[in-house]
Amino acid sequence: MAATATAPAAGAGPVRFDTKIAVLLREDLATWQRLNVTAFLVSGLGSAFPEVIGEPYEDGDGVRCLSMFRQPVLVFEGTKETLTAAHARVLSRSLPRAVFTGDLFATGNDRDNRAAVRAVRTADLDLVGLAVYGPKNAVDKVLKGARMHP
């Protein structure tokens, strides 16, 4: 799924993408949990979809920095029920997704994280976060009922 950008002439306005990267967080998370969950959820997108990564940055002295996403990551929040419904919609649309469950707050490494998710059936996952990438209209439908994170 290639993210295409509509690039206007230099200085003529914003670049528009036909895809969307979105994160949906459960509204009852502590601030540190929201930040941690968001970082973990989006971390897999660049390796799975290299087209979402832009060019490396360079400051005025020529010091190079790492590449980042070339498009915004929109962060939403919702109730546990909103998250469960969004997860069902993302599965029914077969969109690329990442999940973060409440169990992962008690693990300390990737192996245990994957084992914690694997131990729970899809319908029983205690979802606290969901990231989705895909066509804008499909992602918007997945996020129905969610609101922009304040």
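Modeller: Before we begin, a helix here is a DSSP run of H or I with at least four residues, a strand is a DSSP run of E with at least two, and both are numbered from the N terminus. Please keep in mind as well that this is a predicted model.

Biologist: Turning to strands, which way do the residues of S3 point, and are they buried or exposed?

Modeller: In a regular strand the side chains alternate between the two faces of the sheet. In S3, Thr19, Ile21, Val23 and Leu25 point one way, whereas Lys20, Ala22, Leu24 and Arg26 point the other way, and all of them are buried. Because 8 of the 8 residues of S3 are buried, the strand is largely enclosed by the rest of the structure.

Biologist: Which strands pair with S3, and in what sense do they run?

Modeller: S3 pairs with strand S8, residues 127–135, in the antiparallel sense over 7 bridges, and within that pairing Thr19 has Pro135 as its bridge partner. S3 also runs parallel to strand S6, residues 73–78, to which 6 bridges join it, and there Arg26 stands opposite Gly78.

Biologist: How should I read an aromatic pair, and how many does the structure hold?

Modeller: A pair of aromatic rings is described by the distance of the centres and the angle of the planes. The structure holds 4 aromatic pairs. One of them is formed by Trp32 and Phe105, with 5.6 Å centre to centre and 70 degrees between the planes, and is edge-to-face. Trp32 lies in helix H1 and Phe105 in the loop between S7 and H4, so the pair ties together parts that are 73 residues apart in sequence. Trp32 counts as exposed at 53% relative accessibility, while Phe105, at 25%, counts as partly exposed. Trp32, Phe40, Phe100 and Phe105 form one aromatic cluster.

Biologist: Lastly, the pockets: which residues line the largest pocket?

Modeller: About 210 Å³ of space lies in the largest pocket, and its lining consists of Phe40, Leu41, Ala98, Val99, Phe100, Leu104, Asp110, Asn113, Arg114 and Val117. Two or more of the lining residues come from each of helix H1 (31–42), strand S7 (97–101) and helix H4 (110–118), with H4 giving the largest share, 4 residues. By class, this lining has 7 nonpolar, 1 polar and 2 charged residues.

Biologist: And which element gives the most to the lining of the second largest pocket?

Modeller: That is S3, with 3 residues. The second largest pocket has a volume of about 170 Å³, and the residues that line it include Val15, Arg16, Phe17, Thr19, Lys20 and Ile21. Strands S2 (16–17) and S3 (19–26) are the elements that give two or more residues to this lining, which by class has 5 nonpolar, 2 polar and 3 charged residues.

Note on methods
Residues are numbered from 1 along each chain as its sequence is written. This is a predicted model: local features need pLDDT of at least 70, side-chain atom pairs count only at pLDDT 80 or more; totals for chains, interfaces and linings use all residues. Side-chain values use heavy atoms; hydrogens and water are left out. On a 1 Å grid over the protein atoms alone, a cavity is a set of points where a 1.4 Å probe fits but cannot get out, and a pocket is an open set with protein on both sides within 12 Å along at least five of seven lines; lining residues have an atom within 4 Å of a point. Grid points are joined across faces, edges and corners, and a volume is the space filled by probe spheres set on the points. Ala, Val, Leu, Ile, Met, Phe, Trp, Tyr, Cys and Pro count as nonpolar, Asp, Glu, Lys and Arg as charged, and the others, Gly among them, as polar. Buried means under 20% relative accessible area, exposed over 50%, partly exposed in between (1.4 Å probe, protein chains only). Two strands pair if DSSP finds at least two bridges between them. Rings of Phe, Tyr and Trp (its six-membered ring) pair if their centres lie within 6.5 Å; planes under 30 degrees apart count as stacked, over 60 as edge-to-face and the rest as tilted.
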